[in-house]
Structures are given as structure tokens and as C-alpha cells.
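Dear colleague,

Please find the structure below, handed over for your review. My notes on it follow directly after.

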Amino acid sequence: MAGSTEDYRQDQGRIGHDDAPGWMKGQREEDVSRETFVRETSSYMQKGDDPQSASRFEADDPACNPARLALDAFPAFEERLDQENSHTRDALGIMQVNVGRRCNLSCKHCHVQAGPDRIELMDRPTMADCLDAFCAGGFTCMDITGGAPEMNPDFEWLIRTAASRGIPLMVRSNLVILEEEGFTHLPKLYADLGVTLVASLPHYTQKAMEKQRGEASFEAVIRVLRKLNALGYGRAEGNPQSGLRQGSAIHDQVGDSFVPLGVPVPTPRPGSAIQDQVGDRFDGFPAEAQQVQSPDDHPGSLQAVVQKGPDGDGCPNLELDLVFNPGGAFLPPDQAALEREYRQKLWESYRIVFDHLFAITNNPLGRFGDFLCRSGNLEAYMGRLIAAFNPSTLPSMMCRNQVSVGWDGRLYDCDFNQAAGLPCKNGMTIAGLAKALRDRPEAAETTLKREIRFGNHCYACCAGSGSSCGGATA
Ligand code: SF4
Ligand code: SF4
């Protein structure tokens, strides 16, 4: 099971910081040559495996797979599966579309090894195939990821066209990009199109976050989160007329202490949600929130935003979810406890609200897999994942409910399989899928059903409380 937040803090102190290799401490990461890779991972090879095998090492995307061969030495994940869980469900909900590997950041945990120099980008015809297949295949959500998806030149065309066809959209954004020239208009566009945002925030403190994402990333994210809150993101379905809906995320934050504008704001009632969360450290709402008599007096205040909505005419349901991932070779802490911690800290320090926190287990691929190999932590990390294997997470593995489209149109079972260079067993492309669904709409279920391709990186999805792009699964 995932450890407690206290275990997490202890682990965070022990692994991945002082003991980390140079690149984890902020030095420039060097390329792993094939020779170095073979030397550093040879202890994990089973007898009979040939680490020099060009066909294995060079398959698919070698730049992304320095740890993949080493993972083969561990007990096979596939043997944990029964017939049902090794196949997709009868109907798929999510189409995940990875529009490219280009990113303004180069995070140290990045499983797709994205960065400013990557040139792989999905083209518009491939996006059009995604839209056609989505509509014909009965999917319920298009989950757009990257890289920084915003950096694909056709990204805006994709989300505008998808929205015009009524497709529910989710975009995974690092948020930092939304402060860069040419991208600052996107928060408003996201709000206008009703896009759900999933934003990576590896930690709520500057120091811990910038260890993973690089200097100056934290303050930019905080500024963008505030902007998104002001646009209506992260406050669930607050009713502008009657205050906050019971059970909404913002109601959880301010609890019964929320009162409409113009009424004095009391201190939190003992036992209320915010009292539970911030305890004696609560020092009242921001002065401007208490003084404001009308939303027009202070349009940027939290209460004004809650009451009036971004355009002053309502309160749209704009979902903002945050993503946590550990800063080292350990499992994430309990998601619910961590969500409460994030909610409290972000509110106390920055007056930021959000809907959900997803705690995601680092997958031993890409840069993180590279780190594990280089630092000699692979065996220990895989040992942790395998020891924490939880069979009850198998039915909820995200690959059972989705198809993942690569930048070049190849189909995968998930984004991790993209990083591992493991396409779907059926060998389909999105163009082929769109055509098959168009030609035989009555056979959509059969066309979409497939046997999933697993590898030992899959232990990361099934350890402890489970892990998916939507956080814990069990
Ligand atoms: S983790 Fe996300 S933000 Fe960081 S480099 Fe990878 S794609 Fe970019
Ligand atoms: S890594 Fe992908 S294929 Fe493996 S269990 Fe997770 S979602 Fe499924």
C-alpha cells in the first residue's frame, strides 16, 4: 500500500536528494550511450538475455528506453493477469491523444523524455482521424497530452474543432507554458471551450517542485493557477445565487464558513471543513474578501469570482485537477491525505482552489528509468513496486478503458507503452481505426476490443492504491 505522508517525507529525505546522482541535483543530464547503458544495467540482465541485441535495443524509440531491457529481468507482470483483465472492456471511455514530445520544460521524472528539442509532433490529418474515430467509436472523453500539447502548432485547431463537434476535452498542461509568449490567451480559450485541465504540480513548495521541473517553474504555476481560478476553474459547481454546493471542492475548502458577499465573514466553526484542514492556523479570509461589499468592488476576489463567474453571469463548471508525483524512488503517499494537505497549503499560502489531486506513481521508463539505472535504484524501486502489487487494481488499469494515440498515429494501450515503444498488439493506426469504424459502425465494439500489451513497467500501475492518469485506482 502507499505509505503515509510521514513515510513519504522520510523517504523524500532519504532518496532522490542528497543521495541522488548529479543530474538529480540540477546538473545537465548527459545522454546515455548504448555502452554505458549496457554496463550500468548488466546486473539486472537474466542469463541468456543479450543486452547487445540491436533488434531489442533499437526497437521503436531507443532514446526513451534505457531502462526497458533491464525491466525484463524482474518477475513477469503478465503472469499476474487473468483472461478478462488482459483485454480491454467492451466499450472504451477515453481516447488519449499525445500530440507530440515537444515541451518547454525537461522534467527529471518525464517518462516520455519531452523537451524543447524534440521534434515529434502530430500533424493535422492525424488529428482529424482522432476526431473521426472518437465520434464513431462512442468515446466519452478526449484526453490530450504531450509534451506540452500547447506547443503543437495545430493544437488550437484540434481543441476548437473537437469542441465544435461536442467532444468533452481534457488537456494535460504544465501551466508554465501558459505564461510564455504566444500562449497567454489559452486559459481564456480553455474556459470558453469548457476544457477540463489537469495540471502537474509535483509539490506545493517551491523547493521540492523546482527540483523536478527546473528553476522559476513554481512561481509561474502559482500565477497561472490564480488566473485559472479567476476564470472559474477549480471551484466545482458553486451556485452563484445560493452559495456553494454541498460536496463541491470549494465547499470542502471554506465549508460552512462561506457566506455571500456583504455579510461579515465568521471565523471557521469548530468541526467545519476548513477548521479541520487548517486548525488554529486559520487567520481569516483575505482582508479584501471581508471588506468587499459587491463583486464589482473587487472582481478578482475569491468570493466575487465564486458569486459572479468569470463573465459575471454565472458559474461554469470548469474542472481543475492537480497531479502529484514523488520526487524519488518511492511510492506516492495516500492520495486522499495528500489532497487535503495540498488543499490546505495552497489555500493558506496562495488562496488557490482546485477540484481533485491525482497521486501518480513514477513509471520506471524514460528519464526516471534512466535515473534508476544510473543511480543503482532500479532493483530497489522495482522491489517496492512488486512487493506492493495489489490485484484489486487490475480491473481499473487505465489501459482497459482507453486507447492511446501516438504523435505519428500509431495506437498504444497507454502513454507509458508509448514511452516504452510498445504499440498495440493489433498493430493498428488511428487512420486504420477511423476507417474501420466508418466502414462498419455496427461492429465498433469488436473493432475497439483488443488484447493489451503488458511489460514490467506495468507494476507501477498496480502497486499499493494503484496509479493511472487519473490518480489512485483502488
Ligand atoms: S513531465 Fe510534462 S512538463 Fe515535464 S518535460 Fe515531461 S511533458 Fe514536459
Ligand atoms: S503501463 Fe499501460 S499497459 Fe501497463 S498496466 Fe499501466 S496502463 Fe496498462
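Two strands are taken to pair if DSSP finds at least two bridges between them; the strands (E, at least two residues) and helices (H or I, at least four) are DSSP runs, numbered from the N terminus. This is a predicted model, in which local features need pLDDT of at least 70 and side-chain atom pairs count only at pLDDT 80 or more, while totals for chains, interfaces and linings use all residues. Residues are numbered from 1 along each chain as its sequence is written, and chains are lettered from A and ligands numbered from 1 in the order in which they are written.

The sheet

An open sheet of eight strands, with mixed pairing, has the order E6-E5-E4-E3-E2-E1-E7-E8. Its edge strands are E6 and E8 (411-412), each of which pairs on one side only. E5 (residues 320-324) runs parallel to E6 (residues 356-359), and four bridges join them; Phe-324 stands opposite Ala-359 in E6. E5 also pairs in the parallel sense with E4 (residues 196-200), again over four bridges, and Val-198 has Asp-321 in E5 as its bridge partner.

Together with helix H14 (residues 335-350), E5 and E6 make a right-handed β-α-β unit. Right-handed here means that, with the strands pointing away from the viewer, the path from the first strand over the helix to the second runs clockwise.

Backbone features

Most residues other than glycine have a negative phi, and most peptide bonds are trans. Three places depart from this pattern:

- Gly-146 and Gly-147 are joined by a cis peptide bond with omega of about 20°; Gly-147 is in the loop between E2 (141-145) and H6 (155-164).
- Leu-175, in the loop between E3 (169-173) and H7 (186-193), has a positive phi of about 70°. Leu-175 is buried, with 23 other C-beta atoms within 10 Å (buried: 20 or more; exposed: 12 or fewer; partly exposed: in between; C-beta atoms placed from the backbone).
- Arg-351, in the loop between H14 and E6, has a positive phi of about 55°. Arg-351 counts as partly exposed, with 17 C-beta neighbours inside 10 Å.

The ligands

A residue is assigned to a ligand's shell if its C-beta atom, placed from the backbone, lies within 6 Å of the ligand. The residues around ligand 1 include Cys-103, Cys-107, Cys-110, Gly-146 and Gly-147; by class, this shell has seven nonpolar, five polar and no charged residues. Ligand 2 has among its surrounding residues Cys-399, Asp-413, Cys-414, His-457, Cys-458 and Cys-461, and its shell divides into nine nonpolar, two polar and one charged. Ala, Val, Leu, Ile, Met, Phe, Trp, Tyr, Cys and Pro count as nonpolar, Asp, Glu, Lys and Arg as charged, and the others, Gly among them, as polar.

With kind regards
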